[in-house]
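Good morning, colleagues. Please look at the sequence and the structure first.

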Amino acid sequence: MSKKILLHACCAPCLLFPFRSLVESGYEPVVYFYNPNIMPYREFRKRLSSVKEYCGSHVIPMILDEQYSLERMLRLYLDRGNSPRCLVCYKERLHKTAALAVEKGFDAFTTTLSVSPYQNHNLIREAGENASRAFNVPFLYQDWTSGFKIAHEEAKRENLYLQSYCGCIFSEEERYRPSVRKRMNK
Ligand code: SF4
């Protein structure tokens, strides 16, 4: 019997490879969009719409969480103390995913974040395992980076929206002002 898994999706291009890989491994994935870290709001709407359109046109089951609180996310980032910024961000998204997985009776949860070679995989794992313990539901960590380039070529062919920075306003600055990268405590 296949296992129901809640697949947190950060954006449409990053969804392609993990979704396929899960199906091929015998899982029944349901896509979950929860990314209040994306700034500014118009960028959030673009990525949300892209996931919605892709899942709609490929008949992929999805749950879209449109919660957005800029002030709350900025506070989380600015009040994080010594925690790395991305860890706080991963935890926010994966705790919400784990909670929903339990509420809806999924067997496990995972995230498309781990398809990207630009993300910090140790921190993704830490955040996922932390959420798994907190909500008592298994977290599946998969290194899907081997599919990143292929999936992004496919995303271009499908005319999916391709973002140019990770999500938060800090990552936008890092993208366009490379000298900042060295200073930031990610
Ligand atoms: S760069 Fe910003 S949006 Fe991306 S994972 Fe880190 S904190 Fe989150």
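A polar contact, in what follows, is a pair of N or O atoms within 3.5 Å; within protein, one must be able to donate a hydrogen and the other to accept it, and residues adjacent in sequence count only if both atoms are side-chain atoms. The model is predicted, so local features need pLDDT of at least 70 and side-chain atom pairs count only at pLDDT 80 or more, while totals for chains, interfaces and linings use all residues. Residues are numbered from 1 along each chain as its sequence is written, and side-chain values use heavy atoms, with hydrogens and water left out.

Let me apply that term to Asp65. A polar contact of 3.0 Å joins the side chains of Asp65 and Lys96. A polar atom of the Asp65 side chain also lies 3.1 Å from the backbone nitrogen of Gln67. Where is Asp65 in the fold? Asp65 lies in the loop between strand S3 (62-64) and helix H3 (70-78); helices (H or I, at least four residues) and strands (E, at least two) are DSSP runs, numbered from the N terminus. Is Asp65 buried or exposed? Asp65 counts as buried because its relative accessible area is 12%, where buried means under 20%, exposed over 50%, and partly exposed in between, with a 1.4 Å probe and protein chains only. Leaving aside residues up to four places away in sequence, Asp65 touches Tyr32, Phe33, Tyr34, Phe44 and Lys96, contact meaning heavy atoms within 4.5 Å.

I turn now to the ligand. The residues around the ligand include Asn37, Tyr77, Arg85, Cys86, Cys89, Gln119 and Cys166, each having a heavy atom within 4 Å of the ligand. Which helix gives the most to this shell? Helix H4 (residues 85-103) does, with five residues. By class, the shell has six nonpolar, four polar and two charged residues. Here Ala, Val, Leu, Ile, Met, Phe, Trp, Tyr, Cys and Pro count as nonpolar, Asp, Glu, Lys and Arg as charged, and the others, Gly among them, as polar.

Next comes helix H5. Ala127 lies in helix H5 and counts as buried because its relative accessibility is 0%. Not counting residues up to four places away in sequence, Ala127 touches Leu87, Tyr90, Lys91, Leu94 and His95. Tyr90 is also one of the residues around the ligand. Arg133 is likewise found in helix H5 (residues 121-135), but Arg133 is exposed, because its relative accessible area is 62%. From Arg133 to Cys168 the separation is 35 residues in sequence and 27 Å in space, C-alpha to C-alpha.

Finally, the backbone. Most residues other than glycine have a negative phi, and most peptide bonds are trans. The peptide bond from Met39 to Pro40, however, is cis, with omega near -10 degrees. Pro40 is found in the loop between strand S2 (27-33) and helix H2 (41-57). Val59, in the loop between H2 and S3, has a positive phi near 50 degrees. Asn136, in the loop between H5 and helix H6 (148-157), has a positive phi of about 55 degrees. Val59 is exposed because its relative accessible area is 73%, and Asn136 is exposed because its value is 71%.
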